Amino acid sequence: MTDNVTKAPLLGVNVVVKGTTNGSISDFDGLYEIRNVNMGDVLLFTSIGYNPKEVKVTSSTLNVEMTESTELLDEVVLIGYGSAKKEDLTGSVDVLSSKDFNQGSVVSADQLLTGKMAGVRITSNGGQPDAAPNIRIRGGSSLSANNSPLIVIDGIPVDNTNPAGVGNPLSLINPNDIESFSVLKDASATAIYGSRASNGVIIISTKKGTSGEVKFNFSSDVSVSNVANSIDLMNSQQYVSYIQQYHPTYTNLLGIDDPSTNVTDNLATPGIEGRILSDTDWQDEIYRTAISTNTNFSARANLGGKIPFRGSIGYTNTGGVVKTNDYERVSLSAKLTPTFFDDHLKVSLNAKGLYSEKNAIDEGGALGGAVNMDPTKPVFDVNPNNRFGGFYQNTIVDGNRLLLDGQSNPLALLKQRERPEEVKRFLGNIELDYKLHALPELRAVLNLGLEASKANIEERFLDNSIATYRFNNADTDINTNYLFNPGVNYTENQDITNTTLDAYLVYTKEFDGFVKRFEVQGGYSYQNFKNDGTSVQYRYNDESGLREELINPNNLNNRYYNVLNLQSYFGRANIDLAEQFLVTLSFRADGSSLFTEENRWGYFPAAAVAWKIGNAGFVENSNVINDLKLRLGAGKTGQQDITGAVGYYPSSPLFTIGSTTSQYLSGVNLYSAKAFNPDLTWEKTTTYNVGLDFDLFANGIVSGSVDFYQKQTKDLLARTAVPPGQALSDAFVQNVGETESKGFEVNLNLRPISTEDFTLEFNSNVGYNRSEVTSLKDVTRITAAESGLPTGTGVSLAYHAVGYQPYSAWVFKQVYDTNGDPISNAFVDINGDNVINNDDRYYETLRPNWTFGFGLNFNYKNWDLSSSFRGQLGGQVYNARRLTSGWIDRAIPNNSNSLSNVLDFNSDAATTSFANVQGNIPFSDYFLEDASFLRMENIVIGFRVPNFLKDTSLRIYGAANNLFVISDYSGQDPENFNSIDNNFYPRPRVFTLGLNLDF
């Protein structure tokens, strides 16, 4: 008795002669024996998680393979503080199990479900090994407050604050340990989590032990990554021609004078006599072909025959495609799920330990420098008097000083700087679920959890580094070789602790009448978040040459200490009426230390009903409808997480200690009052949802769900301007207005073929969401702080404006000539007053309304093939490279003797129409481009080696991630969460070869 895919023996399969009670059960080795059977009898094989199978007896030995049942595997779904059968859900909940995960090169948990669920948009900040994901479920609910969903891992709601040095918090859990995701979308599903659930909930469940014999798994893969698409810049020949044509007075700044300089691909350039030029592709210099490895080992066992156990260890070493950007992670996990007292007490014990270390790079300096740096300059300078570690660097002489000039060598910025960021993390809990002996319908559940991390960061510069020289060169005499001491420039040490306690009672009773089942639960939840850290910026003492702290460590400004406490009471009731109608009622009261006592508590009710149409008499014997369920739900959730905007205490009057330079009396510190708003209260979101789940035709050939929803958010928490003299700051967080969102989602799965040897499945999803700012207090728009443009300081592109979608670009409509080229500083006079000013600007939606994903799974005997695609329709991306590098005068030096590279004028991203980008030009909609795209997320082909060894299963596979992107965007990548493409870390194209061994 084996699994038809893994070929592993199956324990506990029931075997019975059809129509009789004569039967048996398979043992640890998948063996079974059944007596008194005649030739021609039919044996019925059944097992939890597998499709039933009937086999006619034709010999004394029958080897039978069982096929996994998708429906049975997905039957139980994790929800807030418990679980439910999928058929009994009344809320909008999507489930993704391990067989449906994205495959190939996967570093963090979010990569497993990217593009897999309707209405769940996951956009990484770029291609860094631990790139932070921006996860939005149904578009989020807020403006300036947190819009990320609550993440619950094995019963612990994790902290929204990332440890220092961690770009992606989901990289701190080994993807190989994850069993499933449950995504709770509407308020009837999420309201049980109250104040932390306005943006949805993602529940992650890790793999468990086994009740059978010991099983081991070893998996390993190696990946090769490269840059899929670089920026189209001028090479040296193009650049020289460009300078000669547009800026001939600057030809003397091209190339180098010293013929002994180590250069490659020297080229003789007409008109520049006696000069040797380099042809340097600075992007090639900072990029690399990166090698990554990922190895995991796990064991499942039944310790002492009574304690199911799973333990694992994993090691990931991921190289970024930008040089020196390396990421390492070691993970350990253990999970025990024993039961005691005749299964009355269930215990779940989880422990996960992780260690990660990465070398963080100066992305702006290196990526921006690779675009800006003059391509006629070399990478290295072997002059014996070179004081920059052998790297080329342009300099100028100012009196008796030698000063750095222009762009720093981007490769040197990577090679001469180290920033190790080390994080240790523990995530663990113990859950006790006790079914009372005297009253078995009543269960008492206690969950105790701890999430703790310790981060250490150190930034240091190497000997002869350009950065150190730049910091100190104001006092460097050209006649000396004196170099200021390199070393530590910055340190940070941080401890984050999140403690959790959940205690609740669950009473369940089944009946024979109209009310078939009744379940009610109620309890208390406590969470405390503590963030304690110290950061020190160093400088060099010009006289002694010794390092000193820029700020005295005894000064409290070096230390940050924040505590947030949440306490809650919650309850829920589930009622099953006539096995056709389901009712769910929930309520949660949340108290947050973020608000004053008068505004501390928020109250979040929800209700939902569902009609199991598939159980109705008029479709009971249908050959088409296997299952059909209509859902209606409404509820309210809250939001208080504004820590990212203003700190942890925006409601409290606090003082900060002043510096030693602001003392009237020596040694006596002054204190400054911090801005605060005692009237802050909860942001509240009300959601209405109607959905339909369906499973149609034999073997569930067609299945899926459709949902329509509406969300209204009131008392928006947003950072807004404060009139002069009315507060201790010119801007602060207030409750300012309302937004409204509408949308729909479709998940559709097709399984046209499902046999023992051949299965073919298609999955697809599409989501539409449109939000609108309906009102704001005292203003018509709020600046989106995250939309800064790379021109000047404090220049923003996007706003949250009344009557428009949040985060919309405020731009001028560009005027074009008959050839379709933009006319410099020419914009449409929208209001017709013959004056071009801000009254002629309009709003353009940046973020897409449509997202989608689709893929297939194909299995034929020992071969398997899977693929996943995703994309978006609509939205705009601001091509900031056009702004920084795509116009005629871009190369002209600004108070220096260095030239800058320019986008290739033969590309769509550059124009000779603009001599400069001054005045209103940066706000032209010329820089906005369609952000629609289709991306091949991954494709995997695998082969399971038959009869590899006894009781073993070996699968070998090859995969490609980010193989191609189809888009009209002229820049590097159309997918950008902030919709501004500038200094973007490219998403790599990754090829992977791996194996998976079960034994």
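In what order do the three strands of the open sheet with mixed pairing lie? In this predicted model, the order of the strands is 51-50-55.

Strand 50, made of residues 876-879, runs antiparallel to strand 51, and the two are joined over three bridges. Within this pairing, Tyr878 has Leu928 of strand 51 as its bridge partner. Strands of a sheet pair through backbone hydrogen bonds, in either the parallel or the antiparallel sense.

## A nonpolar surface patch

On the surface, Val222, Val224, Ile291, Ile956, Phe991, Leu993 and Leu995 form a nonpolar patch, and together these residues have about 550 Å² of accessible area. Two or more residues of the patch come from each of strand 16 (215-227) and strand 56 (988-998), with strand 56 giving the largest share, three residues.

Leu993 is found in strand 56, and Leu993 counts as exposed because its relative accessibility is 53%, where exposed means over 50%.

## Confidence along the chain

The protein chain has a mean pLDDT of 87, and 90% of its residues reach 70 or more. Over residues 474-484, however, the pLDDT is below 50, although the model gives this stretch 26 contacts beyond near neighbours in sequence. Residues 541-556 also have pLDDT under 50, and for them the model has 30 contacts beyond four places in sequence.

Where pLDDT is low, the predicted coordinates should not be read in detail.

Definitions and conventions:
Residues numbered from 1 in each chain as written. Predicted model: local features only at pLDDT ≥ 70, side-chain atom pairs only at ≥ 80, totals over all residues. Heavy atoms only, no water. Pairing = 2+ DSSP bridges. Helix = DSSP H or I, 4+ residues; strand = E, 2+ residues; numbered from the N terminus. Patch = residues over 30% accessible without salt bridge, like charges linked within 9 Å, V, L, I, M, F, W, Y side chains within 5 Å. Areas by Shrake-Rupley, 256 points an atom, 1.4 Å probe, with all protein chains shown as cover. Salt bridge = Lys/Arg side-chain N within 4 Å of Asp/Glu carboxyl O. Buried < 20%, exposed > 50% of the residue type's maximum accessible area, 1.4 Å probe, protein only. pLDDT = per-residue confidence, 0-100. Contact = heavy atoms within 4.5 Å.
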